[in-house]
Amino acid sequence: MFRYIVNMDQHAQSIKERAVDIRQSHSEAPQEVLPGQLEANSSNHSQEKKKPLRARFVYGIIFLITNLKAWFFRDYGQKVLSQFNYIKACGVDGLDCCHTLGVLRVSLGCFIFFFVMFATTIKARKLYEARNTWHSGWWTLKLFLLILSMAVPFFFPSNYIQVYGELARIGAGIFLVLQLVSVIEFIGWWNNYWMPDKEMRQSCSFGLFMSTIFYIASVCGIGVMYYFYGQSLKCSLNIFFISWTAVLLIVMMAISLHSKVNRGLLSTGIMASYLVFLCWSAIRSEPVDKRCNKQNQENGNSDWTTILSFLIAICAIVMATFSTGIDSQSFQFRKDKVQEEDDIPYDYGFFHMVFALGAMYFAMLFISWNLNNSARKWSIDVGFASTWVKIVSEWFAATIYLWKLISPVVRQPKVMNLEGNQCS
């Protein structure tokens, strides 16, 4: 009798639990969404995504204006700031707010603005968050923030600005690393885009044709550099730079053609051209020399080629910062994350962080990585410090690319051993 009563109680309890589960399943059942509602939601998402896509160009224009402002304070700031004697931090005749210190003050103001934007948008994930609205709108308030950020550094003592200059060297180095990684990832993407199917003869022939073009351009570039910058044995440093670049090209080609790597020649050819460009840019950054840098000797300080080269260099800084800022996917640890419709189109926090580091980078270029001496007018990134920074960047880029080539081969034996242990 007792066992029967217990069984009845258990049976009643199971009936109650099933009833609760049925009610929960009905309550949690997804409501039917009409096709018109789906189209409206998709349209709202697409309209909302256009705002941050337009906003990034506004930030790029702001960055360009700060670059031009830094150049103005470096070359012509003394004529203007001599009228502002009431700013004690600028010293006598405003000398501490022009030339090198003027560039650093403008750079600090740009850094403050983008760092504030980074701190306020770092965890933005969805389109309908307050952080997305702040990133894509509120331009009047952000204009006030920009003016305030640009004005405050001109009241800091010069000692504080020198400390920022030392920190800016580190930030500029970090920016260069991010830029190199972004460029290498773009080269890999370009290779996959032009050669989507290795079995198609058409794509393989196109890849061979493009790789041949890039390798011919690289070899011609090395020959031109030897002719202009390495004719004399007194130019031993230039000869070393050019020769080591040629060695790197041969090593990359040999590894990419190795049977265990077998990565083809297209991406390696593109990378070779990029290394040759970095080497050429490094040698061009050397100070004027009658024997080893004749082209710089021929150009004056105010001819149209110098001015055009200067403007192109500024645009290149802005484009490099902009392209690196929107390339947050190259720095994600998880590549398999599914993109939803209401996700933001790019990482706002990373975007503003890159622009903040870019502010440090353009400061170093305008003062040629030297905190003590100011660069001459209409020049940018000239000096042996700039030369060595570019050469080290070239070697570092080659190291990263070589590691990307051999890393699958290096990791493969470990994976095989693990699989063997699991089977055993």
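Colleague: Which helix is Thr268 found in?
Modeller: In this predicted model, Thr268 belongs to helix α10, which covers residues 266-284.

Colleague: Buried or exposed, that Thr268?
Modeller: Thr268 counts as buried, because its relative accessibility is 0% and the cut-off for buried is under 20%.

Colleague: And what does Thr268 touch?
Modeller: Leaving aside residues up to four places away in sequence, Thr268 touches Tyr215, Met252, Met253, Ser256 and Tyr401. With Tyr401 there is also a polar contact between the two side chains, at 3.0 Å.

Colleague: Switching to α13: how do the axes of α4 and α13 cross?
Modeller: The axes of α4 (residues 99-121) and α13 (residues 348-366) come within 7 Å and cross at roughly 170°; angles over 145 degrees count as roughly antiparallel, so that is how α4 runs relative to α13.

Colleague: Which residues meet there, and how many are nonpolar, polar or charged?
Modeller: On the α4 side they include Phe111, Phe114, Phe115 and Phe118, and on the α13 side Met353, Phe355, Met360 and Phe362 are among them. The residues of this contact divide into 18 nonpolar and four polar, with no charged ones.

Colleague: How many residues of α13 are buried?
Modeller: Of the 19 residues in α13, 18 are buried, so the helix is mostly covered.

Colleague: What sits at the start of α13, and what follows the helix?
Modeller: At the start, a side-chain oxygen of Asp347 reaches to within 3.1 Å of the backbone nitrogen of Gly349, while the residue following α13 is Ser368, with a positive phi near 55°.

Note on methods:
Residues numbered from 1 in each chain as written. Predicted model: local features only at pLDDT ≥ 70, side-chain atom pairs only at ≥ 80, totals over all residues. Heavy atoms only, no water. Axes fitted to C-alpha atoms, helices over the stretch in contact; angles between N-to-C directions. Helix = DSSP H or I, 4+ residues; strand = E, 2+ residues; numbered from the N terminus. Parallel < 35°, antiparallel > 145°, perpendicular 65-115°, else oblique. Contact = heavy atoms within 4.5 Å. Nonpolar A, V, L, I, M, F, W, Y, C, P; charged D, E, K, R; others polar. Buried < 20%, exposed > 50% of the residue type's maximum accessible area, 1.4 Å probe, protein only. Polar contact = N/O pair within 3.5 Å; in protein donor to acceptor, adjacent residues only side chain to side chain.
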